Amino acid sequence: MTEPAGELRVEEPPQSAGAVARSLRLLLLPAAAIGLALVVGAVIMIASSPLVRGNLNVALPFTAYGALVSGSMGSVNAIISTLVAATPLVLAGLAVGIGFKAGLFNIGAQGQFLMGGLAAAAMGVATAGLPPVAAIPLSLGTGLLAGLAYGFVPGFLKAYTGAHEVVTTIMLNYVAIQILAWAASGPLRGENVTFARTETIGSAVLPVIIGRDGHIGIILAAIAVPTMAWLLFRSTLGFEIRTVGANPDAARYAGMHPRGLIILTMAISGLLAGAAGASEILGQVHHIPAAYATSVGFDAIAVALLGRSHPVGILFAGLLFGAMRAGSGLMQIQAGIPVQMINVLQAVILFFLAAELIVRMLFRIRGDGGAATTELQTITRSYAEQTAK
Amino acid sequence: MEFFYDLPVIGYLFQLIGWLVDVLPIIAPTIVAAAIPIALGAMCGFMNERSGVVNIGIEGMMLTAAFVAWWAASISAQVVPSGAFGPLGISAPLLIGLVAAIGAAMLVSLVHAWLSITVRADQIISGTIINIFAVGITGYLNLLISRTAPPSAGQFSRLSLPDAVEDLPVVGWLLDAVLSQGPIGLGLLVAIVVMQILLFRSRWGLRTRAVGEHPEAAETVGIDVIALRYRNVIIGGFFAGLAGAYLTIEFGNSFQGEMTNGRGFIALAALIFGRWTPLGLFGAALLFTTSEGIQRAVRFGPPEGALGDLLSAIPSQFYSALPYLITIIILAGVVGRSLAPAAVGRPYSREKREKRARPAMSEAPETT
C-alpha cells in the first residue's frame, strides 16, 4: 500500500522539526520566489538594455537594483518614504488576507479603497472649519465606513444570492471608478481647480509625525497588524472565520453561521481597504482627483499572497512592495529603468509562488505540509457552488 | 406617433423609442466598433470557462496582444514592403503584427493553462498574475520604445459595402453597421456563428460542455479532460490576440499604456450576461456598448422637451457603470439567473495519477 503512505508523507510535516526550523522553512519559499523574480527582472533589463542605453549592458540590473535599494533604504528619508508607501499596501493587504482566511477572494479592495478615499475626502472638505481633533476622526471614520459598506455589498450578495464575490467585486471596482469620476467632477468638484478633483481637505490632513511626509497613517497600519493577528488567531470570531474558510460545512455543523460570517468578513475586509484609501487621501494626496490612478487594490492581492494571508507576513510583504514603490523613482532616474518594472517583479514573484513546484525543484525545498499549496488552491471555490446552499 | 408622445408617463417611453429609432442608425457603427474587442475578449473567456477554467486574465492577454501587434507591425514596416493589397488594407507588416499578437496571447494562455491545469494553482491568482505582468511589461517596453518614436504601420481598413445595401429599407443601416468591418471584425462575425454551431452541434462542443460541467464523468467516457482544456484555453488565447490586435492595428493605429481600460473585464461581464454562448455574449457586448453610445448621443443631440432634460440630467458615468451593474443584478439572480458551467474554477486531477505523481515531485516515495 504505497499510495496512502506517499500521501501521508506529503501532508504531514516531519514531527522532529522545531518551531524555528519550521518558520525558517516557511520563509524559504517566499524568499526563493523573490530571488528568482529578481533574476528574471535582471534578464529582462539586460535584454532590453539596448533600448535603455543604446547597447547591451550586463551591469544595468546592478545599477537598477542598487538605485532601488538606496531609494528605499539608503537614507532616513528613503526609509520614511518606504513606510509611507507601505502603509496602504499593508492595510489593503490585510483586507485581502482576511478574505482569504474565510475562503473569499476579495478582488474589490481597489473599489473599497477608492470609496474609502472618496468618502474621507468628502468629509475632509466638509469639516474644514472644525479643529483637527474633530475633523480627523470624522473623516477617517467616514472613509472606513464607506469601505465597509462597499465590502458589505458583495458579502451580502454572496451570502444570500450566491453571486460569486470574484465577479461582483470586479464589477464593483469599475462601478467605484465611475462613482468617483461622477462625484469628483460633479457635486464634489472643487471651485478653483485646474483638473476635475475635490477641494483640498482642510484640517483633516493627517499630522506628519516623522520626516517630511511620515503621517500617522503609518501608526494606523502598525496597529492594524497586531489587531488583525489577535482577531484571527486569538478571538472566537477569528476561529469561526478560519473554520468557514477551511470547511463551510463543518462550520455549519458546529453551529456557526457561514452566511453571517461571509458578510462580516467582507465588511471587515472593506473596512480595512477603506482605511487604506482614507489614510492615503488624508495623509498623502489631500484631495481626490476624478481620475485617481492607483494600483493599491491589486498590489494588495500580491501582498496578501506573498504574506500567506498572515498579518505578520502581510506586514513584511507590504514593506517589501512599499520599498519597491519608494525606490522605483530613483531607479528610473539613475538607471533609466521605467517604474513599470516593479509590476513585472510583483507578477513574477506571484508566478513563482503559484508555481511553487518549479521553486521546489530548483532549490530542492522539501514539502512543508503543502501549507502554501493548499491555501492557494482552496481560496476560490467553483462558481457552481453559488447555488449549492 | 405624435399622439402617443403626449400621453402621461408612457408618452416618455414612446418619445424615447422614437428618438432611438432616429439616433441608432447614426451611432450604430461606433457601437459595433466598440463591441468587437469586447466580444472577442468574451470569446476568449468562453473558450476557457466552457471547458472549466476561469480566466480573469483576459484584460492582460488583450493588453499584451495590443502591444505586440503594434510593435511587431511597426518594426516590420521598416523592413518589409508595406504596400496594401486587397480591399481591406491588408499589408505585410499588419499581417506580421496580427500573427505576432495572436502568438503572444496564445503564449500567455499557455502559461495560464499550465498554472491552472497542470500545476492546479488557483485560477483567479493565475489571471491576476497575467494582468499585473501585462501592465508592467507593456508599460515598461512601451516607455523604452517610445523614446525612439517608431512610425506606426497604419491599420486595416473597413469593408465598404455597395450603396445598395445601405439603401435597403429598415435593415440597411444595420447591415452596413455590422458588416462594414476590417478583417478582424469580420473574423469575429464568422467566429460567433461558427462557434455557436460547433458548441451545440459538434463532437468538440459536446465534449467541451461535458468537461466544463462534469469532468469526472467526461473522463469515464474516454475524454482526455486535460488535453481538451489545454487546447481550448490556448484557442481562447487566439481570440484574446485578435481582441488586442483589433485595438492597435484595426480600430486604431497606436499603443498607449493600459489602453485596454477594463475591456477585458467588461468582456467577462458580457460572457456572464450572454450565458456563456457565442451569440449571447456578442449580443451582450452590443448591449453594453449601446449604453455608452446612447450616452454620447444624449450629450451631442438630446431629444427635445422633458425627455431630453431627463436624459441629460443622468450623469454620463451612470451609462458607463450600467454594464457592470446589470451583470451584478444578473449574477444575484434578481432578474433571471445566469449560471456558470458547473466545473468552472475547479482544477481537475485524475486521482490515481495524482496520488502517484505528487509525492514524487517533493521526494521519492519509498516504493517496495
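How many helices and strands does the secondary structure of chain B come to? Here are a few notes on this predicted model.

1. To take that question up directly, chain B has 16 helices and 2 strands.

2. The C-alpha trace spans about 90 × 55 × 35 Å along its principal axes. Of the 368 residues in chain B, 49% are buried. If you take the contacts in chain B between residues at least 6 apart in sequence, 78% of them join residues at least 24 apart.

3. With 27 residues at 1.5 Å a residue, H4(B) should span 39 Å, and the 37 Å between its end C-alpha atoms agrees with that. After H4(B) comes Arg120(B), which has a positive phi, near 60°.

4. Over in chain A, have a look at helix H9 (residues 236–246) and helix H11 (residues 258–285), which pack with their axes 10 Å apart and at an angle of about 110°. Since angles of 65 to 115 degrees count as roughly perpendicular, that is the description for H9(A) and H11(A).

5. Which residues meet where H9(A) packs on H11(A)? From H9(A) come Glu240(A), Ile241(A) and Val244(A), and they meet Pro258(A), Leu261(A) and Thr265(A) of H11(A). By type, the residues of this contact are 4 nonpolar, 1 polar and 1 charged.

Conventions. Residues are numbered from 1 along each chain as its sequence is written. Chains are lettered from A and ligands numbered from 1 in the order in which they are written. This is a predicted model: local features need pLDDT of at least 70, side-chain atom pairs count only at pLDDT 80 or more; totals for chains, interfaces and linings use all residues. Axes are lines fitted to C-alpha atoms, for helices over the stretch in contact, and angles run from 0 to 180 degrees between N-to-C directions. Helices (H or I, at least four residues) and strands (E, at least two) are DSSP runs, numbered from the N terminus. Angles under 35 degrees count as roughly parallel, over 145 as roughly antiparallel, 65 to 115 as roughly perpendicular and the rest as oblique. Two residues are in contact if their C-beta atoms, placed from the backbone, lie within 7 Å. Ala, Val, Leu, Ile, Met, Phe, Trp, Tyr, Cys and Pro count as nonpolar, Asp, Glu, Lys and Arg as charged, and the others, Gly among them, as polar. The expected span of a helix is 1.5 Å times one less than its number of residues. A residue is buried if 20 or more other C-beta atoms lie within 10 Å of its own, exposed if 12 or fewer, and partly exposed in between; C-beta atoms are placed from the backbone.
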